[in-house]
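This briefing walks through one structure in a few grouped topics. Please keep the sequence and the coordinates at hand while reading.

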Amino acid sequence: MKAFQSNLSKLEGADTQVLGVSMDSPFSNFAFAQQNGVTFPLLGDFGGKVTREYGLAKNYDIEGVSLESARRATFLIDKSGKITHEQVDNEAVDPTKTVDACVRPKMKS
Amino acid sequence: MCNKPLQWVMMFLLACSLLAPPVSQSAWAADKKSPAKAEAPMKLKVGDMAPNFTLLAFDGHDLKKVSLSDFRGKKDVVLAFYVFAFTGG
């Protein structure tokens, strides 16, 4: 989320709203945002309904304990609600491609 | 009689050829998983409509509803799913 925060002025300049989502509660996400200086909303999908709807629920095995959480993924969604760009798993760690995809069309017009 | 050692060598080679492919295949599969590539295909593809949702965000005082449809016709949205809070990234 820090990577998005450091690109936030670029993204907001391109008329883009950034939203983070995880299967944490909104309260822990707020504390996480504060700790990391994140100023965009971090939404709490506790229960995982939206994560499952987006096909991103995954079972993680952590020390032999099975936990369901989201795969790391970034979607760029245009004003009509259509997905125009997506990155998943390790390729979603660095948001540069998403930032470029969202800034580029604006520069052309 | 004199080709008995040869038989052993042949059997050894045969055993190797039977055993080797699965081993090298699994090593290759493990290798393919580790680089920065998607682990499984995505359910939603570029060009699909993003499913609408309403979730809660906490701003320190209030819980606020945020829906994807709030931005319809107004702004592009970067929707970033992450694994867990406080786990870096």
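Strand S3(A), residues 57-62, is hardly covered in this predicted model, for the count of buried residues among its six residues is zero. Strand S3 of chain B, by contrast in topic, is treated below as part of the contact with chain A, to which it gives six residues.

**The hairpin of chain A**
- S3(A) is joined by six bridges to strand S4 of chain A, residues 65-70, and the two strands run antiparallel.
- Within this pairing, Tyr60(A) has Leu67(A) in S4(A) as its bridge partner.
- Two residues lie between S3(A) and S4(A) in the hairpin that they form, and Glu63(A) in the turn has a positive phi of about 55°.

**Phe46(A) and its surroundings**
- Phe46(A) is placed in the loop of chain A between S2 and helix H4, the latter spanning residues 49-53.
- Is Phe46(A) buried or exposed, or does it count as something in between? Phe46(A) counts as partly exposed because it has 16 C-beta neighbours inside 10 Å, whereas a buried residue would need 20 or more and an exposed one 12 or fewer.
- When neighbours within four places in sequence are left aside, Phe46(A) is in contact with Met23(A), Asp24(A) and Ser25(A).
- Phe46(A) and Ser69(A), which are 23 residues apart in sequence, have C-alpha atoms 9.6 Å apart in space.

**The contact between chains A and B**
- The contact takes 53 residues from chain A and 38 residues from chain B.
- On the side of chain B that touches chain A, the elements giving two or more residues are strand S1 (54-58), strand S2 (63-67) and strand S3 (76-81) of chain B, and the largest share, six residues, comes from S3(B).
- The residues on that side of chain B divide into 26 nonpolar, eight charged and four polar.
- S3(B) also pairs with strand S1 of chain A, residues 16-22, in the parallel sense over six bridges, and in S3(B) it is Val78(B) that stands opposite Val18(A).

**The largest nonpolar core**
- The largest nonpolar core has 37 residues, and those with the most contacts inside it come from both chains, namely Val21(A), Phe75(A) and Ile77(A) together with Val78(B), Leu79(B), Ala80(B) and Phe81(B).
- Chain A elements that give two or more residues to this core include S1, helix H3 (26-36), strand S5 (73-77) and helix H5 (96-108), while from chain B such residues come from S1 and S3.
- S3(B) gives the most to this core, with five residues.
- Leu79(B), apart from its neighbours within four places in sequence, is in contact with Leu19(A), Val21(A), Phe75(A) and Ile77(A).
- In soluble globular proteins, nonpolar side chains tend to be buried together.

**Chain B as a whole, and confidence**
- The secondary structure of chain B comes to one helix and three strands, which follow the pattern α-β-β-β along the sequence.
- Of the 89 residues in chain B, buried residues make up 15%.
- Chain B averages a pLDDT of 78, and 66% of the residues score at least 70.
- Over residues 21-35 of chain B the pLDDT stays under 50, and for this stretch the model has one contact beyond four places in sequence.
- The scores of the model are ipTM 0.92 and pTM 0.78.

Methods. Residues numbered from 1 in each chain as written. Chains lettered and ligands numbered in written order. Predicted model: local features only at pLDDT ≥ 70, side-chain atom pairs only at ≥ 80, totals over all residues. Contact = placed C-beta atoms within 7 Å. Helix = DSSP H or I, 4+ residues; strand = E, 2+ residues; numbered from the N terminus. Nonpolar A, V, L, I, M, F, W, Y, C, P; charged D, E, K, R; others polar. Pairing = 2+ DSSP bridges. Core = buried A, V, L, I, M, F, W, Y, C linked by C-beta atoms within 7 Å. pLDDT = per-residue confidence, 0-100.
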